[in-house]
Amino acid sequence: MLGNFSYCNPTKLYFGEDALDNLSVELAKYGDRVVLVYGSGSIKKNGIYDSVMGILSSLGKDVAEIPDVMPNPTIHKLREGIQTAREHRADFILAVGGGSVVDYAKALSVSIHCEEDPWEKYYARFEEPSCEIVPVGVVLTMTGTGSEMNAGAVITYPEQKLKIGHVFADEAVMPKFSILNPRYTMSLPTYQMAAGIYDIFNHICEQYFSGEDDNTSDYISEGLMRSVIYSSRIAVRNPEDYEARSNIMWTATWALNTLTAKGKSTDWMVHMLGQSVGACGNATHGMTLSAVSLPYYKFIMPYGIKKFARFAANVWGVDAEGKTEEQAAEEGLAAMEGWMKELGLAMNLSEVGVTPDMMEDIVNGTLIMEGGYKVLSKEDVRTVLNRAMAEDM
Ligand code: NZQ
Ligand code: ZN
């Protein structure tokens with residue numbers, strides 16, 4: 001394990017079919033003026049809204065609602081929510097939804113008492129909060145982002161064609177608790193389930209494909225990847241399989257709660273490419289990642305060949321006997337491609353609505369990260385994106 005690091009994750013998790021039973025105990029710890037944040041209606045259809053409202057009213061909480069938080073939440077929606085939360089004098093935020101709702105709640109938590117515009121402070125200048133942070137609790141309904149146990153909050157500025165994630169250093173931004181009931185994810189459309197599964201897998205890849213030392217984080221990552229591959233194959237055939245769905249939910253949380261990043265520089269270029277695609281067209285997050293992944297990994301493979309050969313053997317079971325590292329590594333990516341197609345993921349950019357005229361904005365909006373096996377130039381970014389436009393990878 002190279003480097004120095006600290007590890008602290010203050011989010012308390014409640015997992016399983018009865019997890020919501022713990023909401024009362026947790027809510028009782030906080031003030032009565034609650035802001036309830038949710039999306040565009042799925043929680044009203046599947047009954048989660050009624051269950052949560054029942055608990056809030058039994059505790060006598062004074063609730064203001066911020067509904068209609070959209071996938072890839074915008075800065076405009078955030079500014080609107082800040083007004084609602086200020087008028088309500090919120091002392092707690094309860095997020096009920098997927099990553100978009102949870103990210104939004106965290107962005108709101110650092111903005112209610114902030115005197116500056118949150119975009120400028122947190123997303124343009126990447127500053128840490130200097131104001132009171134309103135505590136957040138989570139009831140998760142979609143699995144993938146890991147937002148339930150991390151300090152990330154991704155916000156989109158559509159007019160600027162920018163989608164920026166700020167991972168706050170302040171642990172106070174992490175949810176105080178998260179309620180994870182795998183049954184709640186069963187009403188997800190298959191497309192969203194598959195997108196979430198690929199998001200999980202790619203979070204692990206982003207942390208795995210960096211560094212050359214022997215590192216415990218990589219062994220944990222390999223185990224998590226094998227678990228998600230195994231369970232996803234069951235879940236796509238039978239989305240009602242509780243065992244598979246529960247493993248997927250638990251893996252998602254551990255894939256991005258900073259554990260597997262310990263002692264690593266981490267890559268995150270697939271996310272930078274995917275987020276720029278998302279900013280230009282509002283496509284589903286996990287699908288933007290799948291659309292760019294293979295061209296990106298094929299592009300960087302020569303620079304991290306040993307790790308790609310290890311990935312092939314330890315994650316995909318490729319037998320390295322009699323093969324060069326390059327042959328084994330290529331076989332690993334071919335196995336990954338086969339699995340991605342089984343899940344029905346977007347395999348190129350046109351499948352997520354990208355047209356050639358959008359390309360320049362996507363290239364310009366792609367932030368370059370420096371922790372992976374190759375630091376891309378803008379020209380490299382263009383090459384990868386052009387390859388991702390091609391019909392057949
Ligand atoms: O709006 P509702 O009606 O809730 O519908 C949502 C939405 O349309 C629906 N959904 C959620 N739970 C459901 C359900 N439909 C039926 N039954 C349920 N139980 O699913 C759709 C997508 O939801 P969303 O929250 O947008 O998905 P996801 O969890 O993938 O979150 C995506 C956002 O998280 C960010 C992404 O960039 C994107 O903005 N990310 C956050 C990260 C973090 N905080 O660390 C890291 C990730 O890499 C990611 O960037
Ligand atoms: Zn992601």
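This note walks through the ligand site and the strands of the structure above.

1. A word on the model before we start. This is a predicted model, in which local features need pLDDT of at least 70 and side-chain atom pairs count only at pLDDT 80 or more, while totals for chains, interfaces and linings use all residues. Residues are numbered from 1 along each chain as its sequence is written, chains are lettered from A and ligands numbered from 1 in the order in which they are written, and side-chain values use heavy atoms, with hydrogens and water left out.

2. Let's begin with the surroundings of ligand 1. Its shell holds 31 residues, where a residue counts if one of its heavy atoms lies within 4 Å. The closest are S40, G99, S100, D103 and H203. By class, 20 are polar, eight nonpolar and three charged; Gly counts as polar here, and Asp, Glu, Lys and Arg as charged.

3. Now look at some polar contacts (pairs of N or O atoms within 3.5 Å). One oxygen atom of ligand 1 is 2.7 Å from a polar backbone atom of G99. A polar side-chain atom of S42 lies 2.9 Å from an oxygen atom of the ligand, and T141 brings a side-chain N or O atom to 2.8 Å from a ligand nitrogen atom. Taken alone, ligand 1 exposes 960 Å², and the protein buries 90% of that (Shrake-Rupley method, 1.4 Å probe).

4. Where does ligand 1 lie relative to domain 1 and domain 2? Domain 1 (12-184) and domain 2 (190-389) both give residues to the shell, so the ligand lies between them; the bounds come from an automatic or database domain assignment. Helix 5 (99-109), strand 6 (152-157), helix 7 (190-208) and helix 10 (269-281) each supply at least two shell residues. Helices (H or I, at least four residues) and strands (E, at least two) are DSSP runs, numbered from the N terminus.

5. Next comes an open sheet of six strands, with parallel pairing in the order 1-8-5-4-2-3; strands pair if DSSP finds at least two bridges between them. Strand 1 (12-15) and strand 3 (62-66) each have a single partner strand, so one side of each is left without a neighbour in the sheet. Strand 1 meets strand 8 (residues 177-180) over four bridges, and Y14 has I179 as its bridge partner.

6. Strand 6 and strand 7 (residues 162-167) pair in the antiparallel sense over six bridges, with G152 opposite V167. Four residues sit between the strands, and K161 takes a positive phi near 55°.

Definitions and conventions
A polar contact is a pair of N or O atoms within 3.5 Å; within protein, one must be able to donate a hydrogen and the other to accept it, and residues adjacent in sequence count only if both atoms are side-chain atoms.
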